[in-house]
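Thank you all for coming; I would like to take a few minutes to walk through one model with you. Please have a look at the sequence and the structure before I go on.

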Amino acid sequence: MTHFVGPKEFFPGIGAITFEGRESKNPLSYKFYDPDKRVLGRTMREHLRFAVAYWHSFCGAGSDPFGPGTRDFPWDSAATPMERARQRLDAAFEFVTKLGVPFYCFHDRDIAPAGSTVGESERNLQTMVALAKERQLATGVRLLWGTANLFSDPRYMNGAATNPDFRVVTHAAAQVKAAIDATIELGGQGYVFWGGREGYTCLLNTDMKRELENLARFLALARDYGRKNGFAGTFFIEPKPMEPSKHQYDFDAATVIGFLRAHGLDRDFKLNIEANHSTLAGHSFSHELQVAADAGLLGSIDANRGDPQNGWDTDQFPTDLYQTTEAMMIVLKTGGLVHGGLNFDAKVRRNSTDADDLFFAHIGGMDAFARGLEIAARLLEESPLKDLEQRRYASFSEGDGLRFSQGQLT
Ligand code: XUL
Ligand code: CO
C-alpha cells in the first residue's frame, strides 16, 4: 500500500504503523496484527479484511444529544461544503494508508454533501467519487462497501423505503441508485442497507404488512438495478432492533433471514452483523454471527462493542478477547468473509480529542481481532473442543439416533 499525504498533512508526526510484536512498548505499533503472517493457510490481512468507517472517523466530531462536537477536525474549517469534502477525503486516505488498512466504507453523505436538488446531490457525489477513485488507484486502498444515508434528512422521519408517502420512497430510490452507482464505480465489494428509520413508533397508524412488502420490493429493485449495471458484489442487510426507531423491521439476524427468504432475496443479500446491535437485541455478538452463518448468510461484520452497563449503541472499539475469539471461530468455521470484512463501525469517546486517539483506537481493535484470530485457529486445530462437541451428539451418529437424523424413523 502506498502512503498518501495530500497538500496538507492532517496527522503530522505519525508515520506508517507497523508490526513490532508483543514486547513493543510503542503505542503506535501493532503487537499482534502482522498482516503477512499466515494463519490456517491465509494471511492475517486476508482473514481480517479490516475497514475504516468514514462516518465515525472523519465526520463525527463527538456531538451527542446533550452537546455539540468536541473534536476540532482541521478539514471542517475549509470554506465550502465541497472543499471540506475534498480535505476530508485527503485526511481519510492519509489515515487509512498510515494505518495500513486495506478497506474503507462510507455513506453517500459522508463523502459528499447533499445539494439543494436531487441532481445537485448526485453531481456532488460523482465529483467526490472521481477523486476517491484517483486516491484508490494511487494507494491500493479499496472500498469494502458503500451505502446511502436514508436516516438523517428530516424527509426520512417516517422511514425511507417504508415511508407511508410514496414521494419519500422515490427520494430514497434516487439516493440508493446514486449510491449503488458510486459503489460500482469504486469497485466496492458490498453494498449495505441499514434501516434505522425503517420501523414504526405506533402500530395504530402503521400498516406493517404493507411497509414490509414495500421494503422487499424496494430491495429487489435495488438489486436488479445493481446487477444490471455490473455490481457483482454482495448486498448486505445490517440488523438492528431499535435506535433511532422504537422498533426496527430488521430486528435481528433471525428476523432478517426470515424476511429475505420470504421474499426470495437470499441469493443476493447476506447479513452485516454488528456486535453492539446484537447486544441491543438481547443476544450476544456470537449468537447473531452463528445464526447468520448457519443460514449460509454471514456476509460481513461491523466490529465494535457495547458497554454492558448501557442499553444503547455506544459503538466502542472492540477490545474483549473473548468476543473477538468467539467471532473469529465462527468466521473461520464458515469459511471466511467473501465480499465482507471487519469494518470498525466504532468511535472514540467524546472526550478523546487528540488526533492520535483515532490511531490508538484502531490499533487496539485490530490487535484484539488479530489475537482473537490466532486463539480461534488454535482452539479449532489443537484443542479438544471439536471432539467434545462430536461426543455430545454421539447418540445421533449411530442406531436409531442416526436413522432419526436421516429421516428414516416414523
Ligand atoms: C448505525 C450503524 C450504521 C450502519 C451503516 O447504528 O451501524 O452506521 O453501519 O449505515
Ligand atoms: Co453499523
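This is a predicted model: local features need pLDDT of at least 70, side-chain atom pairs count only at pLDDT 80 or more; totals for chains, interfaces and linings use all residues.

**A helix, a core, ring pairs and a metal site**

Let me start with helix α6, residues 166-185, whose 20 residues should span 28 Å at 1.5 Å a residue, and since the C-alpha atoms at its ends lie 29 Å apart, the two values agree.

Which residues of α6 are buried? They are Val168, Val169, Ala172, Gln175, Val176, Ala178, Ala179, Ile180, Ala182 and Thr183, and what they pack against is a set of helices and strands, namely α4 (108-111), α5 (118-139), β5 (142-147), β6 (190-193), α7 (208-228) and β8 (234-237). After α6 comes Gly187, with a positive phi near 65 degrees.

Phe193 is, together with Leu48 and Leu99, among the residues with the most contacts inside the largest nonpolar core, which has 117 residues. The element that gives the most to this core is helix α12, residues 355-382, with 11 residues.

Turning to the aromatic rings, a search of the whole structure gives 25 aromatic pairs. One of them is the edge-to-face pair of Phe58 and Trp75, at 6.2 Å centre to centre and with 65 degrees between the planes; Phe58 sits in helix α2 (residues 54-59) and Trp75 in the loop between α2 and α3 (81-99), 17 residues apart, and both are buried. Phe93 and Tyr104 have ring centres 5.3 Å apart and planes at 70 degrees, so this pair is edge-to-face. Here Phe93 in helix α3 is linked with Tyr104 in strand β4 (residues 103-107), 11 residues away, and both of these residues are buried.

Finally, the metal: which protein donors does the cobalt ion (ligand 2) have? They are Glu238 (OE), Glu274 (OE), Asp302 (OD) and Asp345 (OD), at 1.9 to 2.1 Å from the ion, and with six donor atoms at angles of 80 to 171 degrees the site is octahedral. Glu274 in strand β10 (residues 269-274) and Asp345 in the loop between β12 (342-344) and α12 are 71 residues apart, and both are buried.

Terms used:
Residues are numbered from 1 along each chain as its sequence is written. Chains are lettered from A and ligands numbered from 1 in the order in which they are written. Side-chain values use heavy atoms; hydrogens and water are left out. Rings of Phe, Tyr and Trp (its six-membered ring) pair if their centres lie within 6.5 Å; planes under 30 degrees apart count as stacked, over 60 as edge-to-face and the rest as tilted. Helices (H or I, at least four residues) and strands (E, at least two) are DSSP runs, numbered from the N terminus. Buried means under 20% relative accessible area, exposed over 50%, partly exposed in between (1.4 Å probe, protein chains only). A nonpolar core is a set of buried Ala, Val, Leu, Ile, Met, Phe, Trp, Tyr and Cys residues joined through side-chain atoms within 4.5 Å. The expected span of a helix is 1.5 Å times one less than its number of residues. Contact means heavy atoms within 4.5 Å. Donors are N, O and S atoms within 2.8 Å of the metal (3.2 Å for Na, K and Ca); water is not among the atoms, so sites may look incomplete. Four donors count as tetrahedral if all angles lie between 85 and 135 degrees; four count as square planar and six as octahedral if opposite donors are over 155 degrees apart and all others between 65 and 115; anything else is irregular.
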